[in-house]
Amino acid sequence: MKQEESATVKHAATWFWKWILNNKVVSILLISLLVLLNILAFSKISYIFNPLKDFTSVVGLPILMAGIIYYLVNPIIDWLETKQFPRMAGIFLIFVIISALIVWGATTLIPIIREQTMSLIKNWPNYWDSLVSQVDSLLRSDIFSQFQQQLNEITENIMSSISKEASNLVNTTVSGIGNVVGAVTNVFVALITMPFILFYLLKDGKKLPYYFMKIVPTKLRLSTYKLLGEINNQISQYIRGQLLVAFFVAIMFWIGFAIVGLEYAVTLGVMAGFLNLIPYLGSFIAMVPVLIIAFVTSPAMLIKVLIVFGIEQMIEGRVIQPQILGSNLDIHPITIIIVLLTSGKLFGVPGVILGIPGYAVLKVIVETVFSWYKNISGLYEGDFNPAYEPNIVSRKKKKTK
């Protein structure tokens, strides 16, 4: 009797081990369930993180600003060190250059931008009215007469949508006036504290990985160090590349608009450079007001602006971006557009600007975790793939004689 009970218990234990404990699919589902339960539990007690949220809202902006400048200027200081230039002297030199650029911008560039911006805001209704009048005259011509009713309905729908969105924007702005003081305070605190954070990042930044690795379990230190190194490489390349590309784009548009005699050349060039921080879409968004102003000015000016835009796109796409950005992020253009739309919807303007580096960091983490899972799961052994391998056509460069 005891032997039968022992055999039954052993059989049950074997069955439980085979189908539950030693089943990889069930293990994955159980782990996913535990993760979701933890997320649910934390969502119910999220109020305990309010102090951390307030702390981040105050300290996050200066740290972000200091980190961006750090990634931009740290390679210069490292290069000076290779030339036997003391690091502290290099940091002091960088601070002097940044201070000189700020003084130059405050005394020369910012007044011009302010004057042109105020003039553009003042004259924009005239530009818009002239554009609407010319488009309306075009639509009333014989070419579009047969489509007049449909075009009127489309125009009314567009104007209704614009009015509705403008009304919502005004309401949101009025209701959020109380937050303006807090935002200005945060920016002021960030501008004051950012130089100090930047100084210590440049001075002791190389020591941070060593001290951080001390709190990581010993068995995880090597993989964690490689992961953080890859993340740091992705962020540094993206920030340096995008800022340098945006700078050159602003300079090219500034010079191009000034050559063709377009009004507000400085403001429109700086705006184009800033919007170029949004990959693929930024330059085209920046060209919308430029094309409106050129279209209202004269047909010749419109043609000149289009030529400037074409030359800028050619130089940026074939010279600047390949030399500065290259293909280090290895992200498909469709993926970039999807990330921009999603991050913009979720987080607004900061999401559009920081969406791509955030995605690059997340991609590195997911690839590392997936690689680890492939090694321990045993589900990806062998290289069998029933799908046809895509044909990759390699183009050989023609040898010049």
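**Notebook: aromatic pairs and salt bridges**

I looked up Phe248 and found it partly exposed, at a relative accessible area of 36%. My cut-offs: buried is under 20% relative accessible area, exposed over 50%, partly exposed in between, with a 1.4 Å probe and protein chains only.

The model is predicted, so I take local features at pLDDT of at least 70 and side-chain atom pairs at pLDDT 80 or more, while totals for chains, interfaces and linings use all residues. Residues are numbered from 1 along each chain as its sequence is written, and side-chain values use heavy atoms, without hydrogens and water.

Next, rings. I pair Phe, Tyr and Trp (its six-membered ring) if centres lie within 6.5 Å; planes under 30 degrees apart are stacked, over 60 edge-to-face, the rest tilted. I get seven aromatic pairs. Phe199 and Tyr200 are edge-to-face, because their centres are 5.1 Å apart and their planes at 80°. Phe247 and Phe248 are also edge-to-face, with centres 5.6 Å apart and planes at 70°. Phe247 is partly exposed at 48%. Phe95, Phe199 and Tyr200 form one aromatic cluster.

Then charges. I count a salt bridge when a side-chain nitrogen of Lys or Arg is within 4 Å of a carboxyl oxygen of Asp or Glu. The count is six. Lys206 and Asp78 meet at 3.3 Å, N to O. Lys206 sits in the loop between α6 (180-204) and α7 (208-213), and Asp78 in helix α3 (residues 50-82), 128 residues apart. Lys206 is exposed at 54%. Glu81 and Arg87 meet at 2.9 Å, N to O. Arg87 is buried at 14%. Lys203 and Asp204 meet at 3.3 Å. Shared partners join Asp78, Glu81, Arg87 and Lys206 into one network.

Helices here are DSSP runs (H or I, at least four residues), numbered from the N terminus.

Notes. Helices (H or I, at least four residues) and strands (E, at least two) are DSSP runs, numbered from the N terminus.
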